[in-house]
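Have a look at the sequence and the model, then read on.

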Amino acid sequence: MIFALLFIVMLPLLVKTDYILNLWLGEVVEYMVPFTRIIIIASLIMSLGLPITTIIQATGQNKYYHMIVDGFISVSVVLIYFALKIGLAPSFSLSISIIIYMIAHYIRLVFLKKLANESINVYIKSCLFPMATILIMNWGVIYIIDCLIGNDDFVGFILIFIISLLVNLSTYYLFLINKTERLFLINHISRMVNRIQK
């Protein structure tokens with residue numbers, strides 16, 4: 001859910017990166033747009049590890065976890081340096097960090113299975129696969145809508161933000177959360193509405 005909620009904010013930024021950077025900086029230098037998108041995607045992947053890290057820390061056996069996971073992530077700096085050294089494109093070189101973060105997340109799952117007895121297959125089938133499918137679909141839908149709108153201005157950004165919010169929340173409600181979670185959400189919203197009315 002952390003990843004899903006973060007994606008609601010990040011998706012308009014991924015689609016409207018050029019406009020946001022132009023609005024913010026006035027002048028966008030070469031590679032800034034792909035760099036920004038890569039950093040956003042890497043941040044999304046890293047957010048997946050936050051709940052797992054919390055669980056591992058709760059077991060009290062997190063010394064080797066942090067040594068191995070954080071040490072492996074640090075390798076990305078070395079790999080990016082050598083990729084640039086041999087003449088690979090800067091945007092491609094920085095993309096290495098995404099691959100490293102994905103592998104690091106799998107290492108987290110291995111620790112989760114060992115220390116908390118959680119199944120990696122269940123996590124992938126019940127969490128990662130449906131979430132990835134929904135998010136890729138939403139990304140495609142918002143990208144197509146942005147192409148159809150064609151407004152590369154503040155109004156266009158607000159439209160994309162609102163549409164992205166509605167699309168993401170709708171698909172999360174229909175496909176990502178189960179019946180129990182839907183019931184909890186409905187009851188929680190009802191209680192909030194009743195408090196406001198009182």
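Let's start with helix 1 and helix 3, whose axes come within 10 Å and cross at roughly 175 degrees. Axes here are lines fitted to C-alpha atoms, for helices over the stretch in contact, and angles run from 0 to 180 degrees between N-to-C directions. That crossing makes helix 1 roughly antiparallel to helix 3 (angles under 35 degrees count as roughly parallel, over 145 as roughly antiparallel, 65 to 115 as roughly perpendicular and the rest as oblique). On the helix 1 side, the contact is made by Ile2, Phe3, Leu6, Phe7, Met10, Leu13, Leu14 and Val15. Helix 3 brings Arg37, Ile40, Ile41, Ser43, Leu44, Ile45 and Ser47. Contact means heavy atoms within 4.5 Å. Sorted by class, this contact has twelve nonpolar, two polar and one charged residues. For that sorting, Ala, Val, Leu, Ile, Met, Phe, Trp, Tyr, Cys and Pro are nonpolar, Asp, Glu, Lys and Arg are charged, and the others, Gly among them, are polar.

A word on where this comes from: the model is predicted, so local features need pLDDT of at least 70 and side-chain atom pairs count only at pLDDT 80 or more, while totals for chains, interfaces and linings use all residues. Residues are numbered from 1 along each chain as its sequence is written, and side-chain values use heavy atoms, with hydrogens and water left out.

Stepping back, the chain has nine helices and zero strands. Helices (H or I, at least four residues) and strands (E, at least two) are DSSP runs, numbered from the N terminus. The C-alpha trace spans about 55 × 50 × 30 Å along its principal axes. Of the 198 residues in the chain, 31% are buried, where buried means under 20% relative accessible area, exposed over 50%, and partly exposed in between (1.4 Å probe, protein chains only). Among contacts with a separation of 6 or more, 69% join residues 24 or more positions apart.

Which residues touch the most other members of the largest nonpolar core? They are Ile52 and Tyr172, in a core of 40 residues. A nonpolar core is a set of buried Ala, Val, Leu, Ile, Met, Phe, Trp, Tyr and Cys residues joined through side-chain atoms within 4.5 Å. Two or more residues come from each of helix 1 (2-15), helix 3 (32-47), helix 4 (49-59), helix 5 (63-85), helix 6 (90-116), helix 7 (120-149) and helix 8 (154-176). Helix 6 gives the most, with ten residues. As for Tyr172, leaving aside neighbours within four places in sequence, its contacts are Ala4, Phe7, Ile8, Ile134, Leu135, Asn138 and Ile177.

Helix 6 also holds Ser93, which counts as buried at 0% relative accessibility. Not counting residues up to four places away in sequence, Ser93 touches Ile80, Ala83, Leu84 and Leu88.

Next up is helix 2 (residues 17-25), where Thr17, Tyr19 and Leu21 are buried. The buried residues of helix 2 pack against helix 1, helix 3 and helix 8. Just after this helix, Gly26 takes a positive phi of about 85 degrees.

Now for the rings. Rings of Phe, Tyr and Trp (its six-membered ring) pair if their centres lie within 6.5 Å; planes under 30 degrees apart count as stacked, over 60 as edge-to-face and the rest as tilted. By this rule the count comes to six aromatic pairs, and here are two of them:

| Ring pair | Centre distance | Plane angle | Kind |
|---|---|---|---|
| Tyr19 and Phe157 | 6.2 Å | 35 degrees | tilted |
| Tyr65 and Phe111 | 5.4 Å | 85 degrees | edge-to-face |

Tyr19 is in helix 2 and Phe157 in helix 8, so their pair ties together parts that are 138 residues apart in sequence. Both Tyr19 and Phe157 are buried. Ring pairs also link Tyr19, Phe157 and Phe161 into a cluster. In the other pair, Tyr65 of helix 5 and Phe111 of helix 6 are 46 residues apart. Tyr65 is buried at a relative accessible area of 1%, and Phe111 counts as buried at 14%.

Finally, two loop residues. Most residues other than glycine have a negative phi. Tyr31, in the loop between helix 2 and helix 3, has a positive phi near 75 degrees and is partly exposed, with a relative accessible area of 31%. Asn117, in the loop between helix 6 and helix 7, has a positive phi near 55 degrees and is exposed at 69%.
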